[in-house]
Amino acid sequence: MKSSASLIRPLVRRLHAYVPGEQPQIPGLIKLNTNENPYPPSPRVRQAIRRAVDGRLRLYPNPTAQPLREALARLHGCAPENIVIGNGSDELLALATRAYVEPAAAVPQGSGRAVVQFFNPSYSLYPVLAEIHGAVNHPVPLRPDFGLPALADLKRGKLWRFDAALTYITTPNAPTGRGYALAELEALCQAQRGVVVLDEAYVDFAPENALALALRYPNVIVSRTFSKAYSLCFQRVGYFVGPPALMAALDKIRDSYNVNGLGQIAALATLEDLDYYRRNFQKIIATRQWLSEALRRLGFDVLPSHTNFIFARPPRFPARAWLEKLRASKILVRWWNYPEVRDYLRITIGTRAEAQALLHAAQRILTEA
Ligand SMILES: *Cc1c(COP(=O)(O)O)cnc(C)c1O
């Protein structure tokens with residue numbers, strides 16, 4: 001009799017799975033660890049979902065989420081063929097890996113066709129997706145201030161691969177919160193021979209976006225999600241905007257009914273109430289400014305942020321100790337034990353009351369020390 005483990009592909013046995021932020025059920029917990037929006041979806045969205053909970057739950061949803069695709073096309077001034085909807089943008093990132101990148105075993109060693117490239121630090125899902133696919137991970141360090149290396153430096157250095165089959169750029173970046181200039185991104189996209197996915201999960205909190213690049217270049221895709229800015233993590237809806245041929249390739253390999261029906265309805269209703277969300281963006285940006293300045297006065301080194309979170313190096317104790325101390329005060333933030341980022345905490349911007357609670361806890365921690 002074989003052991004069950006021996007029945008699993010070695011690649012999967014070896015795999016280090018992605019670790020999502022915790023979702024603990026602790027009463028009174030202030031949850032600032034997964035960049036969820038502190039404000040609920042608009043009343044119209046909640047009503048649209050409630051109204052849809054009826055006999056139609058027995059039916060399959062629209063297989064291409066067509067009404068949502070068309071509404072997004074109108075919003076972004078493009079064709080529905082420029083858009084593909086996913087079960088969260090994470091699903092589309094996985095599909096991109098499978099559609100544009102060869103497993104290493106399928107191509108000669110060293111070929112760019114098997115390379116998935118990304119900056120370090122950025123979204124820690126990318127290397128997991130590459131590993132699952134048997135592709136070659138190619139992390140490239142950001143500058144010490146977490147800025148993008150200049151194109152001239154990438155060209156001069158030996159590390160960056162202009163032949164990578166797929167390059168993921170989180171912009172604005174996570175977990176650093178830094179925004180990158182459109183001109184820099186454009187120059188990089190132009191120089192790149194493979195596909196570039198600009199992951200704009202947080203772009204609604206930033207002063208500019210790169211959507212135009214996805215509608216101008218044959219190798220550029222912009223990734224967006226309803227999760228963070230549109231308070232819809234629970235429903236799992238994200239989308240790509242890009243050249244029709246690249247979108248059609250994803251469409252071919254996705255599950256036929258990848259986007260659940262209530263998610264489609266919720267996302268469509270969201271687009272009909274954008275002013276509600278824009279007011280929330282302004283509130284979150286104002287709280288971000290307020291909290292950043294207040295923490296700086298306590299001695300935190302807070303990086304400028306274009307997102308709904310801040311990345312801050314705390315004073316006095318190691319970041320890991322702060323994580324524990326804040327947790328003891330029922331405040332959950334995020335910390336990673338990787339060399340480039342282990343001195344920092346990532347703190348989601350919640351409501352003003354939550355930001356105040358965080359600040360009071362930090363003041364208490366510092367005075368008790
Ligand atoms: C949250 C996040 C996503 C995933 O969003 P979903 O649409 O919920 O899957 C993608 N990229 C980055 C950088 C994120 O932070």
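Reader: What does the accessible surface of the chain come to, and what percentage belongs to carbon and sulfur atoms?
Author: Keep in mind that this is a predicted model. The accessible surface comes to about 17300 Å², and carbon and sulfur atoms hold 54% of that.

Reader: How many of the residues count as buried, as a percentage?
Author: Of the 369 residues, 52% count as buried, with under 20% relative accessible area as the cut-off.

Reader: And what does the radius of gyration tell me?
Author: Compare it with what a compact globule of 369 residues would have, which is near 21 Å; this chain has 21 Å, so the two agree. Along its principal axes, the C-alpha trace spans about 60 × 60 × 55 Å.

Reader: Where do the charges sit on average?
Author: There are 45 positive and 30 negative charges, and their mean positions are 3 Å apart.

Reader: Now the strands. How do they pair in a sheet?
Author: In general, strands of a sheet pair through backbone hydrogen bonds, either parallel or antiparallel. Here the chain has 13 helices and twelve strands. Three of the strands make an open, antiparallel sheet ordered E9-E10-E12. E9 (301–302) and E12 (345–348) are at the edges with a single partner strand each, so one side of each has no neighbour in the sheet.

Reader: What joins E9 to E10?
Author: Two bridges, in the antiparallel sense, with E10 covering residues 309–313. Asp 301 stands opposite Arg 313 of E10.

Technical notes:
Residues are numbered from 1 along each chain as its sequence is written. This is a predicted model: local features need pLDDT of at least 70, side-chain atom pairs count only at pLDDT 80 or more; totals for chains, interfaces and linings use all residues. Side-chain values use heavy atoms; hydrogens and water are left out. Helices (H or I, at least four residues) and strands (E, at least two) are DSSP runs, numbered from the N terminus. The radius of gyration is taken over C-alpha atoms; the globule rule is 2.2 Å times the number of residues to the power 0.38. Buried means under 20% relative accessible area, exposed over 50%, partly exposed in between (1.4 Å probe, protein chains only). Accessible areas come from the Shrake-Rupley method with a 1.4 Å probe; for residues, only the protein chains shown count as cover. Lys and Arg count as positive and Asp and Glu as negative; His and the chain ends are not counted. The place of a charge is taken as NZ of Lys, CZ of Arg, CG of Asp or CD of Glu. Two strands pair if DSSP finds at least two bridges between them.
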